[in-house]
Amino acid sequence: MRTRFQESFGMDHRREAAGRLASSVVALLALAGATEAFAQASTGALSSTVQQYQADVAWLADDAREGRGMQSEGLVESGEWLIDQFRAIGLEPAGEDGYRDPFVAQVMFPDPDQPDNPHAGERRPVEAFNVVGRIEAGAKQRLEGVIVVGAHYDHLGMGGEGSLEAGVVAIHNGADDNASGTAALLTVARDLVSRSDELRRDVWFVAFSLEEKGLLGSSTFVREPTGGLEVEEVYAMLNMDMVGRLTDDKLQVLGGGSAEEWDDIVAPLCEEARLECKIGGDGFGSSDQSSFFAAGVPVLHFFTGTHSEYHKSSDDADLINAEGGVRVATLVSDVAVATANRAEPLTYVEAKERQSQRMAFKVTLGIVPDYAGPSDGSPGLLLSGVRPEGPGGQAGLERGDIIVGMGDAEIATIEDYMKVLSTTEPGSTMPVTVVRNGERVVLEVSFEE
Ligand SMILES: [Zn+2]
């Protein structure tokens, strides 16, 4: 079926060209009486992609990677392996140092004597790195902005905080979470490198680290993108986290409500891919797309759903549906091309206030905290997003501000902030002190009735 969507995004051209090429190849082969051989060859190509995918998942989710936990050799080794893959695929390096985007995040370490008390821990700096590569748009008529395709490559290591198996010390291989998405990221990169002439926008590939510790790699990238990129230039972000368990062709496309146009763009591509996509939801979710959405970028998170091995040591490679992972990656490739070639802007849709916030407190400030905290480790609550119509936005709070005081209280951590919110009455006003570009600014916030 021919849709308006295909006309307006120039998809027909590619499909026709591909069709012409395929049919002339078939004609030649038919002349040689080799149509059957051709059919076998194309199945072979598909299965080699699936085999490659499976091998990539198996490598990342091997016990030798130690569950890719924070500060483990296995995580460093995985990042270095990804650098080699990015290079072999032919992506251009786009990190701070080659493909590498090193960062230091402040991470809360629980007190071993009282592991359940979130206030008893200690914040310590942790080093990690994202892996960043890029495909330059090869089409003649280029468009402004870039597409970011991402997946996190870290996981829970030996368990502990974040594991759903309390007290179990065992390698958490994270085959679905998120070797599956990382392998899919490589699959998309291989595909788009071969299609770079079709692209009107550059496509960036980012393998994020320390997602499991609070989206630390992605929030760092959004705050300080590499290669001279500004987050405002990101036209859309496509995230793959847990895409290895495709069942009955059912795929969740979360964040489908983060731009008005997503449904029209994604639904026909899902249909072509014979995937039953559930498209919807705002851009806040429990993965790296949240960091981009908070900064005003339309996002999608591809997700094959949760399961009983989620965040357990049993999330292993032999449970991965490799063919399904490749099918998701192929869809993401198509969405990336459609998005890279769309001339009109996407209409970003603000999230409605999150219900959990409403339930916990009588008031809301309308901000999104950056869990990584200020990059120099100084105390305060760093804002990765501000809803313009919320009380904070109305008072003049901006993304990047660091809240250090509210009323009489000093704000050093997110817990301090929550404590103030929990005792604040609707209709009250309060001075909020922020550090902005190194200077203290006091803003008067009026909380809604
Ligand atoms: Zn996870």
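I began with the secondary structure of the protein chain, which comes to 12 helices and 15 strands; helices (H or I, at least four residues) and strands (E, at least two) are DSSP runs, numbered from the N terminus. I noted that residues are numbered from 1 along each chain as its sequence is written. I also noted that this is a predicted model, in which local features need pLDDT of at least 70 and side-chain atom pairs count only at pLDDT 80 or more, whereas totals for chains, interfaces and linings use all residues.

**Confidence.** I looked up pLDDT, the predictor's confidence in each residue, from 0 to 100. The mean pLDDT of the protein chain is 86, and 87% of its residues reach 70 or more. Over residues 1-41, however, the pLDDT is below 50, and this stretch has 21 contacts in the model beyond near neighbours in sequence. I found that pLDDT also stays under 50 over residues 355-359, for which the model has 3 contacts beyond four places in sequence.

**Burial and contacts.** I took a residue as buried if 20 or more other C-beta atoms lie within 10 Å of its own, exposed if 12 or fewer, and partly exposed in between, with C-beta atoms placed from the backbone. Of the 449 residues of the protein chain, 46% count as buried. Two residues are in contact if their C-beta atoms, placed from the backbone, lie within 7 Å, and residues 24 or more positions apart account for 75% of the contacts in the protein chain with a separation of 6 or more.

**Strand β6.** I turned to strand β6 (residues 234-240), where 7 of the 7 residues are buried, so the strand is largely enclosed by the rest of the structure. For pairing I used the rule that two strands pair if DSSP finds at least two bridges between them. Strand β4 (residues 146-152) runs parallel to β6 and is joined to it by 5 bridges, with I147 opposite A236 in β6. Strand β9 (residues 299-303) also pairs with β6 in the parallel sense, over 4 bridges, and here M240 stands opposite F302 in β9.

**Helix α6.** I then checked helix α6 (residues 216-223), which is largely enclosed by the rest of the structure because 7 of its 8 residues are buried. The buried residues of α6 are L216, G217, S218, S219, T220, F221 and V222. These buried residues pack against β2 (100-109), β3 (122-135), β4, β5 (202-208), α8 (289-294) and β11 (381-386).

**Helix α4.** The 17 residues of α4 should span 24 Å, and its end C-alpha atoms are 24 Å apart, which agrees. In α4 I found G74, L75, S78, G79, L82, I83, Q85 and F86 buried, and just after α4, G90 takes a positive phi of about 100°.

**Backbone details.** Where does Q71 lie? I found Q71 in the loop between α3 (35-60) and α4 (73-89), with phi near 65°, a positive value in a residue other than glycine. Q71 counts as exposed because it has 12 C-beta neighbours inside 10 Å. N437 lies in the loop between β14 (429-436) and β15 (439-446), and its phi, near 50°, is likewise a positive value in a residue other than glycine. With 7 other C-beta atoms within 10 Å, N437 is exposed. Last, I recorded that the peptide bond from D177 to N178 is cis, with omega near 5°, and that N178 is found in helix α5 (residues 175-193).

Technical notes. Expected span 1.5 Å × (residues − 1).
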